[in-house]
Amino acid sequence: MEITEIIKESFIFPANNLKALAIYIAITFVMGILVAGGIFSALGIQNSALYGILSFILFIIAVLVGFILSGYEIDIIKTGIDLEDLAPDFDWKADLIRGIKAIIVAIVYFIIPAIITLIVAFITNVPGNFVNVVQYVNQTAVNTNGTVVANSVLEMVPKSVMSGLVGSISITLLVAAVLFIIFSFIQVMANSRLANTDSLGEALNIPEAVKDISRIGVGKVLATLILVFIVSLVIGAILSAVYQQVPQLSILNIIVTPYLMFFTNRATGLLYSDIA
């Protein structure tokens, strides 16, 4: 399927499945109420242990509902892979299990770049450079009895020490940005593999997930996912401008966010259908 067809078909998919979209919105709304209820209950912990128990129960239920929604998102990817026009029905048990698998996939695919980023931070000596700056700041505060403002204190830190910290942090952030972007693309393939096989093992097969990008075509994968991101970004920017003029309309996010979720996952499935 051509990229333009993927974007067009994915964008109208939610509109052609309003019943499924409405159910998803309703469940999302319920999860929001559960989270809000948990927060308000937590605020009452000092008054009664009962509030603490209630807050814990509400948060647990909210997490389970979140898993179900995540599992359903994988189901939508599957409809794209199978080129089905109708959105799937909710299967609470299956979606819960699939959602747990999706969360595990997300953790694995993002913990890897996180660990590498930490290693880079230590290699570039971010902790050591930070300690050096703090020591100069503390010494300056002691010498001036704490009367120097923050900007002046930082100016008293030797440029070589400050540049060491800035340089190490810059390198670490650059590496982190590149790694997280790369693994985000790979995770899209992992979610598609999960949708296609319902196998956690297949989804966690990172080498094969990387190969899937090559099988589809690196250019096509990048172009499609970037276009999906741009479409979502443009819609978000337009709505933000509208909300600034009419704040009350921000309630539309209850509909728009799920709509874009359907759109994004449908596009992912259609993209992966080339090799399924």
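Modeller: A residue is called buried when its relative accessible area is under 20%, exposed when that area is over 50%, and partly exposed in between, with a 1.4 Å probe and with protein chains only. This is a predicted model, in which local features need pLDDT of at least 70 and side-chain atom pairs count only at pLDDT 80 or more, while totals for chains, interfaces and linings use all residues. Residues are numbered from 1 along each chain as its sequence is written, and side-chain values use heavy atoms, with hydrogens and water left out.

I begin with Ser 55, which lies in helix H3. Helices here are DSSP runs of H or I with at least four residues, strands are runs of E with at least two, and both are numbered from the N terminus. Ser 55 counts as buried because its relative accessibility is 5%. The side chain of this serine reaches the backbone oxygen of Gly 38 at 2.8 Å. That is a polar contact, meaning a pair of N or O atoms within 3.5 Å; within protein, one atom must be able to donate a hydrogen and the other to accept it, and residues adjacent in sequence count only if both atoms are side-chain atoms. With neighbours within four places in sequence left aside, Ser 55 is in contact with Gly 38, Ser 41 and Ala 42. Contact means heavy atoms within 4.5 Å.

Helix H3 spans residues 49-81, and Leu 83 sits in the loop between H3 and helix H4 (92-123). Although Leu 83 is not a glycine, its phi is positive, at about 60°. Leu 83 is also touched by Ser 273, as are Gly 80 and Ile 81, not counting residues up to four places away in sequence. Ser 273 belongs to the segment after helix H11 (253-272). The relative accessible area of Ser 273 is 16%, so this residue is buried. Its side chain reaches the backbone oxygen of Leu 270 at 2.5 Å.

Ile 81 has a further partner in Ala 195, which is also in contact with Ile 74, Ile 77 and Lys 78 once neighbours within four places in sequence are set aside. Ala 195 is part of helix H7 (residues 159-197). At a relative accessible area of 8%, Ala 195 is buried.

Asn 125 occupies the loop between H4 and helix H5 (126-143). Its relative accessibility of 36% is why it counts as partly exposed.

I turn now to the whole chain. The protein chain has 11 helices and 0 strands. Its radius of gyration, taken over C-alpha atoms, is 24 Å, well over the 19 Å that the globule rule gives for 276 residues, so the chain is more spread out than a compact globule. That rule is 2.2 Å times the number of residues to the power 0.38. Along the principal axes, the C-alpha atoms fill a box of roughly 70 × 55 × 45 Å. Of the 276 residues, 37% count as buried. Among contacts between residues at least 6 apart in sequence, 80% join residues at least 24 apart.
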